[in-house]
Amino acid sequence: MSHKLNLLAAASLITLTGCMNMAPKYERVDMPVPTEFGSATVERGYEAPLYWEGVITSPALRNLVEQALENNRDLRAATANVRAAQANLVSSRSQLWPYISAGASSQIADTFDDGSGPNTRFVDSTYAQVGVAAWELDFFGRVSNLNAVALQTYLATAEGERAARIALVATVAETWLQLASDQELLRLANQTVSSQSESLSLTNELFEAGTASELDVRRASASVSQAQAQAAQYEAAVRRDLNALRYLTGAELPANLANQASLFPAPVRVDVPVGQSSAALLMRPDVIAAERQLLAANANIGAARAAFFPSISLTGNVGIASGDLDDLFNGDPTSGWAFTPSIDIPIFDFGNRQGRLDAARANADAALANYESTIQQAFRDVSDTLAVSETIDKRLEALEQLAEDTTVTLSLSSERFKSGLDGYLTVLDAQREDYSAKQQLIIANLDRNLNALALYRALGTWEQEAQPEAETN
């Protein structure tokens with residue numbers, strides 16, 4: 001009967017376990033940004049969720065992204081960090097349950113032969129423990145809050161890995177766009193070298209005929225040299241872009257990849273949000289990760305508070321014992337069990353617990369500030385893309401007109417120089433203006449594509465895998 005009462009008391013204690021949580025109640029703060037993004041002068045709006053498969057339209061670029069997602073070493077490290085955080089969570093959750101083990105021991109003794117009598121060998125205190133349990137009763141939520149810290153840390157790490165995937169996709173695409181732009185600039189520089197070399201040959205002929213001066217020849221030669229120097233510069237840039245892609249993808253690149261990179265047609269496409277609520281930022285992995293870290297800091301306050309209260313533990317064992325090793329399993333050993341509750345009451349620690357609580361509260365304040373800062377940075381990212389989106393079409397239209405005008409001006413100036421109506425300085429100025437206008441047009445097209453990727457960075461998401469839910473107390 002007394003055994004039943006003891007078991008009933010233990011069950012009552014277990015029922016009470018975890019009934020009190022010392023962590024502050026978490027309430028999501030209001031977003032420290034306007035409720036909507038600025039309006040954009042486009043007809044179609046952004047539709048969440050925004051996945052990379054819907055952003056990248058170039059088949060060659062898609063293949064590179066898939067290769068990077070499979071082989072990139074930084075992403076592998078991020079994935080390994082998620083596995084480590086998950087393992088820590090499993091270890092932390094194990095503390096919510098009793099620790100059970102089994103074992104056996106035997107003491108063997110013998111007397112020395114001193115000539116006084118016969119030798120005696122005996123086995124003493126042989127026993128086997130088939131079950132040993134130890135359990136901390138979580139009355140004040142210390143263990144459960146530490147478990148919550150591990151859970152939120154794991155979830156934050158998982159969100160960090162999702163953010164790393166989005167960043168990797170964007171970086172590969174941005175490098176591809178830079179490669180395409182440098183290819184276009186290299187092509188333009190080579191065309192300029194060819195056309196200005198023809199002008200140099202013509203100027204030499206006119207100089208020999210006495211209708212052009214040595215100054216004209218020198219200016220034409222300098223123009224060719226400048227174009228050649230820029231062509232060499234862009235050739236080096238193309239090689240650097242290929243090296244960057246090789247690093248990002250973690251493997252050798254497909255043959256003839258450089259010639260596949262092009263800005264036309266646009267290899268990426270993202271619709272701009274119109275009247276989109278800024279609440280969409282709460283779906284960003286980095287924002288979710290920051291909130292998870294805030295939740296972990298909040299739970300850590302609960303664990304620090306619980307340290308001010310008594311810690312109650314239960315230990316017990318069930319086993320058999322015999323004075324003889326053979327009788328332990330074949331004879332009639334003695335069986336028994338033990339059940340021992342214990343309590344640890346903190347009295348004096350010279351400020352140790354208070355210091356930990358103050359540190360936990362300060363860390364929570366820092367986590368809150370980081371969470372709000374992450375939201376503000378996310379809002380700025382989207383707003384910056386809108387600023388470009390609302391003006392890029394005007395910029396491209398003006399540059400296209402400029403490129404057309406400078407091309408016609410160059411043609412007319414060349415004809416007037418051949419006819420002797422103008423000096424070569426007029427042709428040289430027209431060449432420089434035409435070259436600069438076409439460079440600006442290429443860069444503007446690059447900026448338009450990069451801005452689309454910036455919007456993907458700002459509002460892109462990744463398919464979530466099943467994750468453990470937080471346990472309620």
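**Exercises on a predicted model**

In this predicted model, F348 is found in the loop that lies between β4 (334-344) and α9 (352-418).

**Exercise 1.** Describe the elements of the protein chain and the order in which they run.

*Solution.* Start with the count, which gives ten helices and four strands in the protein chain. Then follow the chain from the N terminus, where the elements run α-α-α-β-β-α-α-α-α-β-α-β-α-α. As a further step, consider the contacts between residues at least 6 apart in sequence, of which 85% join residues at least 24 apart. Finally, of the 473 residues in the chain, 38% count as buried, while the accessible surface comes to about 26200 Å², with 53% of this belonging to carbon and sulfur atoms.

**Exercise 2.** Find where in the protein chain the confidence is lowest and where it is highest.

*Solution.* Take the whole chain to begin with: its mean pLDDT is 78, and 72% of the residues reach 70 or more. Going on to the elements, helix α1 (residues 2-16) has the lowest confidence, at a mean of 41, whereas helix α2 (residues 59-71) has the highest, at 93. Over residues 1-18 the pLDDT is below 50, and this stretch has 13 contacts in the model beyond near neighbours in sequence. Residues 39-47 also have a pLDDT below 50, with 22 contacts beyond near neighbours in sequence.

How values were computed
Residues are numbered from 1 along each chain as its sequence is written. This is a predicted model: local features need pLDDT of at least 70, side-chain atom pairs count only at pLDDT 80 or more; totals for chains, interfaces and linings use all residues. Side-chain values use heavy atoms; hydrogens and water are left out. Helices (H or I, at least four residues) and strands (E, at least two) are DSSP runs, numbered from the N terminus. Buried means under 20% relative accessible area, exposed over 50%, partly exposed in between (1.4 Å probe, protein chains only). Contact means heavy atoms within 4.5 Å. Accessible areas come from the Shrake-Rupley method with a 1.4 Å probe; for residues, only the protein chains shown count as cover. pLDDT is the predictor's confidence in each residue, from 0 to 100.
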